[in-house]
Amino acid sequence: MSVADRICDEIVASVLIVGAGPAGLAAAAAAAPNAKNVLILDENSEAGGQIWRRGVDPSNTQGWALYSQLVAQPHVQWLSGSRIIAVIANNRLLVETPDGPRIIQWQKMILCTGARELILPFPGWTLPGVTGAGGLQALIKSGANLKGRRVVIAGTGPLLLSVAASVKQAQGQVVAVVEYRSAAALRQFFYALLSGHQQKLWQAVGLLWAMKPWRYRLSSVVSAAQGISEVTSVIIQKGDKSEEIACDLLACGFGLRTNLELATLLRCQLRDGAIVVDEQQRTSQQNIWAAGEATGIGGVDKALIEGRIAGLDATGYRATDKEAKLREKAWMFTGTLQKTFNLDVRLRQLCQADTLVCRCEDVPARELEKFADWRTAKLMTRVGMGACQGRICGVACEFLYDWQTPEARQPVFPAKASSLALLADLPPDTSLHG
Ligand SMILES: Cc1cc2nc3c(=O)[nH]c(=O)nc-3n(C[C@H](O)[C@H](O)[C@H](O)COP(=O)(O)OP(=O)(O)OC[C@H]3O[C@@H](n4cnc5c(N)ncnc54)[C@H](O)[C@@H]3O)c2cc1C
């Protein structure tokens, strides 16, 4: 008997939702009334995704409204702490769960797989005490106390303000928020919010107000983190001028990048680093929808409305005109975000020849510059072959060297030997359209 035959209890989902962030919860809530059963799968142990990372509770009205109605329904199942690692034949997926590998058979699938941070390499970025901006926020949401610690927050994008507010809440001291964009660019952004997204404008104003005393530096960048065993100071560059600031932590992020591993395996059409969807959130693959950051970086409102539309459409229902307009508005905000915070190629100069680009395998930029593509560089230097499997350095290399996104291969995440044994026994899905 084969290994696969021994795993007899396949989970069958009429609607499978991958990701229990805002998009996934909204999709599940919209699909649940009309689906035979809904399975919500997430690699985190708690529902809530990036924004509600501590889990959803009544203090969070938006999330709680969705979550509480879902947990009350017996035909809605949860598979937490579980990751899809491979796509196999006949609409089946191989999933690594806390209880070992399982197979899920799905009829409809909604991809709500979210995004991760873009961290650009610069001298000293691998020192202890240097994290992603969202990474530090995730630590705070998990209970980290920053009492008395001096924190520099750097990079670009609205997340920096939100992180500054979190640091203050965790009793840290924000010594500088270093934003790459100029005052003129941010003024334009605020005008755009004023004309169509007042609620977001007030949110931004509230975060700015909470940041007092203001230590906001514009048109500036952290060009180096310094220290011996951990970060003790950073160099802030503004044009030709540089300044050293003492700190205990540096949180640095240059925006978000969509998680595309699963969509790539499923051969969904991608454009500009996101899954292509129509107005009903349908992807290019039959019976597969996508919503939230997976279709383009636009934040929680876009995730909620897209999730709802996907959940409705997957169960044969149409969104109302009002909902379609909300989606349109969310997409306008996405466009504004992209226009304001698009990466500037000049940021490539932050990475010096001896800067480590792949911190898992210790590969410096000097060794990578000579290659024309990711694949050759990977074979010759082991870039992307460490624990993160290129999740951090892959996107950095895309930006630094204009390399194409590396093709996802099965298993799409590092997997246990028991899962690999099962995978070796299972036929790959050849039915997907390339
Ligand atoms: C580090 C970070 C911090 C952020 N902080 C904020 C914030 O404070 N405020 C704010 O407005 N926005 C924040 N954002 C932006 C955030 O992406 C959106 O606001 C919102 O959470 C998007 O919802 P989503 O459902 O599309 O994705 P997410 O909330 O990212 O949810 C996606 C979920 O999918 C799961 N997943 C992905 N792939 C798989 C897989 N293969 N198998 C199983 N599960 C999988 C993930 O574990 C995750 O829970 C942050 C983003 C990041 C990356």
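**A helix and its sheet**

Analyst: Among the elements that cover the buried residues of α5 are α4 (133–141), β9, β10, α7, β11 and β15. Helices (H or I, at least four residues) and strands (E, at least two) are DSSP runs, numbered from the N terminus. Buried means under 20% relative accessible area, exposed over 50%, partly exposed in between (1.4 Å probe, protein chains only).

User: What should I know about the model itself?
Analyst: This is a predicted model, where local features need pLDDT of at least 70, side-chain atom pairs count only at pLDDT 80 or more, and totals for chains, interfaces and linings use all residues. Residues are numbered from 1 along each chain as its sequence is written, and side-chain values use heavy atoms, with hydrogens and water left out.

User: Thanks! Which residues of α5 are buried?
Analyst: They are L160, L161, V163, A164, A165, S166 and V167. After α5 comes Q171, with a positive phi near 70°.

User: And what order do the strands of the open sheet take?
Analyst: The order is β8-β15-β9-β10-β11, 5 strands with parallel pairing. Two strands pair if DSSP finds at least two bridges between them. β8 (130–131) and β11 (216–217) are the edge strands, each pairing on one side only.

User: How does α5 sit on the sheet?
Analyst: Helix α5 (residues 159–169) packs on it, touching β9, β10, β11 and β15 (249–253); contact means heavy atoms within 4.5 Å. The direction of α5 makes about 175° with that of β10. Axes are lines fitted to C-alpha atoms, for helices over the stretch in contact, and angles run from 0 to 180 degrees between N-to-C directions.

User: How many bridges join β9 to β10?
Analyst: There are 6, between residues 150–155 of β9 and residues 173–179 of β10. V152 faces A176 of β10 across that pairing.

User: Switching topic: where is L350?
Analyst: L350 lies in the loop between α10 (321–341) and β20 (356–358).

User: Buried or exposed?
Analyst: L350 is buried, because its relative accessible area is 9%.

User: What does L350 touch, leaving out residues up to four places away in sequence?
Analyst: L350 contacts P121, F122, P123, V221, V222, S223 and F254. As for L400, which is 50 residues from L350 along the chain, the two C-alpha atoms are 9.9 Å apart.
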